[in-house]
Amino acid sequence: MTSSSDTRTCVALLVAAPASGQGKTTVTAALARWHTRQGRRVRVFKCGPDYLDPYWHQLASGATVHNLDGWMVGMPEVRARLHEAAAHADVILIEGVMGLFDGSPTAADLAAQLGIPVLLVMDASAMAGSFGAVVLGMQHYQTNVPWAGVLANRVGSSMHAQMLQASLRDPAMWLGALQRMGEGKDAQLLPERHLGLVAAHELPDAMARLNAAADALAQTPLGQMAWQDWQRWSVNFALDASAPAPQIGPWLQGRTVAVASDAAFSFIYPANLDCLQAMGANLAFFSPLAGERLPACDAVWLPGGYPELHASKLAANTGLQADLRAHVQAGKAVWAECGGMLALGRSIHTAQGEALPMWDILQGTASMQQRLAGLGMQQCVLHGGTLRGHTFHYSRFDSDAAEVARTSRAGQAVQAGKGEALYQQGSICASYFHAWFPSHPRAIAALLGAEAVQWADAQATA
């Protein structure tokens with residue numbers, strides 16, 4: 001790692017795959033853990049809107065994990081985050097989103113713009129010679145993408161690995177193979193559920209899983225490379241000198257924002273917390289699952305998470321329920337995102353038809369579904385600007401609360417029945433929309449009661 005005021009150099013890899021479910025998170029976390037055990041300083045980033053993978057990367061590296069996205073975060077902020085990381089890290093690892101060429105902008109676009117070599121991870125469990133064909137196609141699909149090599153995942157045997165290696169047109173692309181851990185769901189070293197991976201802090205053996213993955217990686221050519229050989233993947237990270245300075249004011253100065261934070265409310269971007277503090281907010285964290293009451297505060301943020309998995313414990317916290325009700329009756333602001341909105345509602349109906357009582361503060365009932373009900377990048381025109389974020393949920397929320405705004409897809413106008421409703425009931429604002437606070441801090445300050453909320457025309461475009 002070298003640095004100057006304008007450009008900083010650091011070893012960096014972008015871990016990508018042809019599709020979701022190939023093992024990107026496992027390999028990224030294994031690399032982070034492997035380097036950390038060698039005494040290196042590792043910074044990990046995650047492309048796209050994701051809350052769960054970063055928990056694994058943070059545990060593996062011991063450092064906060066931030067999200068990168070050309071649209072939601074913005075390229076000036078992406079460059080600034082990487083530039084800052086390069087000043088302190090020996091190696092930067094970035095996990096891609098979905099497949100390398102999926103979405104807009106894609107992980108490939110990020111690699112091309114920043115000159116970061118791509119490490120391709122492929123599930124080769126049902127492949128032989130076709131492995132080489134897929135790798136060749138990935139290499140040449142977008143010619144400006146730099147490449148580090150390919151790592152075969154879920155390989156059955158050493159003979160299988162030899163077949164895969166022999167299929168490559170460019171032998172230098174081969175960085176090794178990771179053996180299959182088991183059969184069926186047992187083949188997943190990092191377990192999943194309906195919104196993605198189970199978060200690392202929910203598993204008592206999470207570190208043991210990471211060390212097992214790092215041990216397996218250490219047996220590959222990639223894991224046996226000398227640190228000097230890693231320098232071939234050094235990248236120069238520069239700031240965007242033309243980018244305007246972020247517009248943020250002391251709109252929450254002197255105000256305390258209570259933030260629910262536990263396994264039921266864990267969908268929290270570190271950048272959102274940074275944004276609240278940059279506006280002057282004092283943050284008071286509390287755990288509804290631990291039976292904690294509401295801290296003394298001016299506003300409440302109930303992030304997304306898994307209230308449906310912890311419904312009985314949440315409903316049993318009647319002291320917090322009373323505190324929240326009193327908070328709302330006093331006209332104090334509540335911003336409830338996705339799972340936070342569901343927890344405020346009357347009940348959650350499971351896919352099996354069971355009704356799980358919730359806090360019954362916000363008018364509305366949630367119904368869980370087997371299929372995705374919302375997915376993708378979203379924007380919401382509020383308070384004189386555009387708040388960016390995303391949506392991802394498997395439930396439906398039926399509410400009589402007033403709909404004061406509606407999200408739309410990136411760069412598109414609001415359409416009836418599309419996007420996500422933003423409900424307002426008294427001092428409560430709630431939506432399935434997960435907001436990226438730094439995209440429009442003033443709107444977040446307004447949602448948290450810093451000043452009277454002025455809802456912009458929902459039909460306007462960014």
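Which handedness, left-handed or right-handed, does the crossing of H1 and H2 have? The crossing of H1 and H2 is right-handed, where a crossing counts as left-handed if the near helix is turned anticlockwise from the far one by less than a right angle, and as right-handed if clockwise. This is a predicted model, in which local features need pLDDT of at least 70 and side-chain atom pairs count only at pLDDT 80 or more, while totals for chains, interfaces and linings use all residues. Residues are numbered from 1 along each chain as its sequence is written, and side-chain values use heavy atoms, with hydrogens and water left out. Helices (H or I, at least four residues) and strands (E, at least two) are DSSP runs, numbered from the N terminus.

**Helices H1 and H2**

- The axes of helix H1 (residues 24-37) and helix H2 (residues 53-61) come within 8 Å and cross at roughly 15 degrees, the axes being lines fitted to C-alpha atoms, for helices over the stretch in contact, with angles running from 0 to 180 degrees between N-to-C directions.
- That angle makes H1 roughly parallel to H2, since angles under 35 degrees count as roughly parallel, over 145 as roughly antiparallel, 65 to 115 as roughly perpendicular and the rest as oblique.
- Among the residues that meet here are Thr 25, Ala 29 and Arg 33 in H1, and His 57 and Ala 60 in H2, where contact means heavy atoms within 4.5 Å.

**Helix H6 and its two faces**

- In helix H6 (residues 158-166), the buried residues are His 160, Ala 161 and Leu 164, with buried meaning under 20% relative accessible area, exposed over 50%, and partly exposed in between (1.4 Å probe, protein chains only).
- These residues cover an arc of only 100 degrees around the axis, which puts them on the same side of H6; the arc is that of the directions from the helix axis to the C-beta atoms.
- The face of H6 turned away from its buried side carries the exposed residues Ser 158, Met 159, Gln 162 and Ala 166.
- The buried residues of H6 pack against helix H5 (130-141), strand E7 (147-155) and strand E8 (174-179).

**Strand E20 and its partners**

- Of the 9 residues in strand E20 (residues 385-393), 7 are buried.
- Strand E19 (residues 374-382) runs antiparallel to E20 and is joined to it by 9 bridges, and two strands pair if DSSP finds at least two bridges between them.
- Met 377 has His 390 in E20 as its bridge partner.
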